[in-house]
Structures are given as structure tokens and as C-alpha cells.
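Please consult the sequence and structure below while reading.

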Amino acid sequence: LPDFLSRGGIDKFAEVHESMYREFGPVYGMSILGDDEIVVCDPVVFGSILRQEGKFPIGAAEGVSTFTDYYKENNLTMAMRGASNGPEWWEWRDSLNADMFAAWDTYMPAIAETCRKISDVAGAEVPKHIPFVDFISRAAFDMFETVMYGSTSFTTNSKVASSEDIEFVKAAQSAFDITGALLSNPMEKVFEGDLYKKFVVNMDKTFSFARKRTKKYADLALMDQQQAQQPQPSKQSKQFFFADEVSADAGVDEESSKCPVQKIRNAIPTKFVNPSFIERLVHRGELNNEDISEIGAPLLMAGVDTTAYVMSWLYLNLASNPDVQTKLAEELHSVLKGADLTTVEQMDSLPYLRACIRESHRLTPATPIQPKKMRKDVDIVLPNGDIYHVEAGKRISLNLRAFPMDPQFVDNPTKYQPERFLPEAIEARKGTPSEIIDHPNFEDPFGRGKRRCLGGSVAKAEIMILAARLIQDWEISLVDPLDATRWTAKQKLMLKADPYPAMKLLRRKRNEISWS
């Protein structure tokens, strides 16, 4: 503990792991208040550990005792299944996987529509009514609310946002931030100090809000499903419609029937751009509406917070590097020409946008480590042949601040330089030591293996779609350019720039950019 504190402690968690790597190399141990951990820096080695997970791996959420204890104390069975391991977790994950993890791309049209509306009000809201960092958190809520329910209450629009919706976003953020503080000071929970009590208050708010809203939409979806099964005398008498106002028995051409979005539209009654996650769960019929409503809270919380952290770093990097932002705007205009990003094909044609997001994660990851626990003893085998035996239940983490910030592998590692992740640069690194930074375990903050974040691919789509819309419409800049270096990365549950710089938005003038 004294050594940990001397290196910066919890507030400088990223710097702690950078210094440990520099001093001890690619494998080192840590022990804080009896909590032992082995940290590896090589993503290939970490990948070999993940391949030993077995059928029922332990997830990162299970190690966050504030959440799991809250679930137990409040008899939240479905929430506990999601944070546990074993057959119950497997059944929980299997009941949700098809409609979230596998079908992530089918939500893109609805997300894009929400992002367009978010961008429409961005200039009027930031910074006059909402600081940019809070606007991004609300945008994360608006996007994932659209995925969950099919529509959003638009917390990014201060003219229409309800106090209840804004309070949910604030409470979810507070619960996550307090969790970070409790993990670094576990005695607060043991003695039920003020910090833990504040955590419980915020969790009560988020669960009450999310359960009520999820139940409302699940009940509406069930009613629409039941009505759709009734004989329909005519189109005019329908009280629901399929997403593009095409009924289930209407003809569709062969090409559109192959489209995954179209297939879902044709199968599930909806009033939205595409069927929501809740409508799909109701349609599938594997969970009752009470179970679905309980699932809503942890999903909505996770869907807001992690995405918001990642986006806050992305826009800070883009605002601090205006030349990069201009180059990104040029690519977006060349490919999208003012349109929304709605398809995987469009995503694949935007390599610089992908590179900007990937480089932001390398330079400023939302968390400095990726933790893992194993159900059985494992041997960690290093490239030099050294073997470390790790007992079951002991935490093993991948250091995301080691190789990605090492000049041995990355030129000018402290510089935000998306070009290093363009396809030609990746190809040029193959067969060299620097190729290691392209490993999938360094790609994003949503994990790998069987316990990869359920909504990770949806979150990545949200981040790309919103960036494509905002950067086409707005120049995002620091109010004070000197703020580009005045922040530090402070550890909460995840890393956050502190203080987060004030930003302003100016309508992008297209004649100032060399449009192709």
C-alpha cells in the first residue's frame, strides 16, 4: 500500500501502472489491503489466459461488490444472474445475446435518427445550457434509450427533457463514480459510511426509474404483439404498424428480405424506426415482463456510463487536435455527403473515423487495466518461457498503459495520431515488434472472451454514428486552447479528465474545408 500511494494512488491509477511496467517489466504483482493481483502487459499472453476460461467464466462485474451486494440486499434475481457465473449466468446471457450482442447492427437506423436530433440542438445547448461533458453523457443515455425502448426522451434537449430523465443520468453517473471510490476505500462500505449510503440512494433512484420505464414499454410491446395476432379487417383499423408501415403480410422484394434490419421489421410489430430491444425480448417470449423490467436497470446504467467515458475522451482528443478533426470532417463529407451513418458498409468505408476512435483508446483508455478472474488455477507462460502459477480466484489484469505507451512499440506515444491505425499503417507493422499494438485485446474497453460486454458492439456503433453526425455539423473546440494540457486522468470507476475542459460548438463552414 505505501508503494502504491507513493506512485500516485487511486487518483493516478494509470500512472501507477505505467511506472510499474517501467520498473518491473511485462509481469508484476500488486497487493493492496490483502487484494492480490497479477498484471500482465502482453495482450497475447492475456489472450492465452482468456482461452482457458471454460464455459462459465467469471465476469468483471462480479468483482464489483458494491453492485452485487446491492442486488443481493434487494433480492434482484435477474440482476444477480447477469453479474454471476455458472449455468444461471449462461441462461441469462443466452436469453439476451441474440437481440443485443448478435443483432447490434440492426439498431443503427434508430440510433442515427436520434443522433441527428441530438446534433440539431447541440449548438444551442452547449455550453449555454449544458456543459459539453454532460451533454455527451446525456447523448449516451438518449442513444441507448433508443436501443432499449425504440424512442428517447431527449435529455440533450433542455426544452423537452424531464427532470426525472436528467436525474437518472446523474444518479447512474454518481453510482459508478462512488463505486470507484468505495473500491479504493472498502472500509466505507463495511461501516456503512456516508459514501456508501449515497451509493444506495443513487442505486435506488436508477432502479426505480429503469424498472418502471422498462415495464411500461414491455407491457406496450406485449399488447402490440397480442393485437398483431388478431385478424386485421383493414390497414386503416390497425392501432400499430410495422416500422416502415409495411404489414407482416405485405410483399417485400427479394433484396430487402435479405437485409437483417428488414427481416426484423417484417417480423415484429413496432411504432418505431426499428423494433426496440424490449420489443424483441417480448416477441421472443423467453422472459416474462417482470424479469425484463428488472434487466432494464443494469443494462441502461452500463449502456450510459461506459459509452459516455469513451466519448468524453474521444471529443477531448479531437478538440485538442483541430487538424485531426478537420481531416475527419473531410472523410465524413467525402463518404456520407451530409447523410447519417446507418449501415455497416458505411462504417467500413470510414477508416479515419475508426482510427480516431482506436487511437483515442490507445492514448486515453477509459480504464488502465482489463481485469479477469479464473475459476481454476492457471499457468501464465511468457514468450521467454517463464511460467507464473496463479491460483483460482486471483485477479489477473491486462495493463493497457504498458505496450501502447512504450516508445519501443509506438512512435511518439504521447501524441494523438490516428494515422497510426489506418489500414496501410497496420499492414506496414506486420512482422515487426510494433505489430503488438494491433492486438484485439487492445482494441476497445469492452473486454474479450465469453464475458465481453453484452452491449459492446452497440456502444461502438453509437460512438461512430454520433461522431459522424456531430463532426459533419460542428467544429468542436476548447474554449481555452491551453486547457488541452491542464487536466489529469483521475480514476473514478473509470478514468476521467479532471477538470474536464469547457468546449464550444460552431456550425461547420464547409467552404473552409477542402471537400473532395
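In this predicted model, the side chains of Asp 340 and Arg 116 meet in a salt bridge, at 2.1 Å from N to O. Asp 340 lies in the loop between helix H16 (322-336) and helix H17 (344-348), and Arg 116 in helix H7 (residues 108-125), so the pair ties together parts 224 residues apart in sequence. Asp 340 counts as buried at 15% relative accessibility, while Arg 116, at 33%, counts as partly exposed.

| Salt bridge | N to O distance |
|---|---|
| Asp 340 and Arg 116 | 2.1 Å |
| Glu 23 and Arg 7 | 2.7 Å |
| Lys 271 and Asp 224 | 2.9 Å |

Lys 271, in the loop between helix H13 (260-267) and helix H14 (277-284), and Asp 224, in helix H11 (residues 194-228), are 47 residues apart. Asp 224 is buried, with a relative accessible area of 9%. The count of salt bridges comes to 30, and a network of them links Glu 443, Asp 444, Arg 448, Arg 452 and Lys 460.

Glu 443 and Lys 460 are also among the residues nearest the centre of the second largest pocket, which has 31 lining residues. The space in this pocket is about 630 Å³. Its lining comprises 19 nonpolar, 5 polar and 7 charged residues, and H18 gives the most, with 7 residues.

Elsewhere, strand E4 (residues 378-381) is joined to strand E5 (residues 387-390) by 4 bridges, and the two run antiparallel. Val 378 and Ile 380 form the covered face of E4, whereas Asp 379 and Val 381 form the uncovered one. Ile 380 stands opposite Tyr 388 in E5.

Notes. Residues numbered from 1 in each chain as written. Predicted model: local features only at pLDDT ≥ 70, side-chain atom pairs only at ≥ 80, totals over all residues. Heavy atoms only, no water. 1 Å grid on protein atoms, 1.4 Å probe; cavity = no way out; pocket = protein on both sides within 12 Å on 5 of 7 lines; lining within 4 Å. Points joined across faces, edges and corners; volume = space filled by probe spheres on them. Nonpolar A, V, L, I, M, F, W, Y, C, P; charged D, E, K, R; others polar. Buried < 20%, exposed > 50% of the residue type's maximum accessible area, 1.4 Å probe, protein only. Pairing = 2+ DSSP bridges. Salt bridge = Lys/Arg side-chain N within 4 Å of Asp/Glu carboxyl O.
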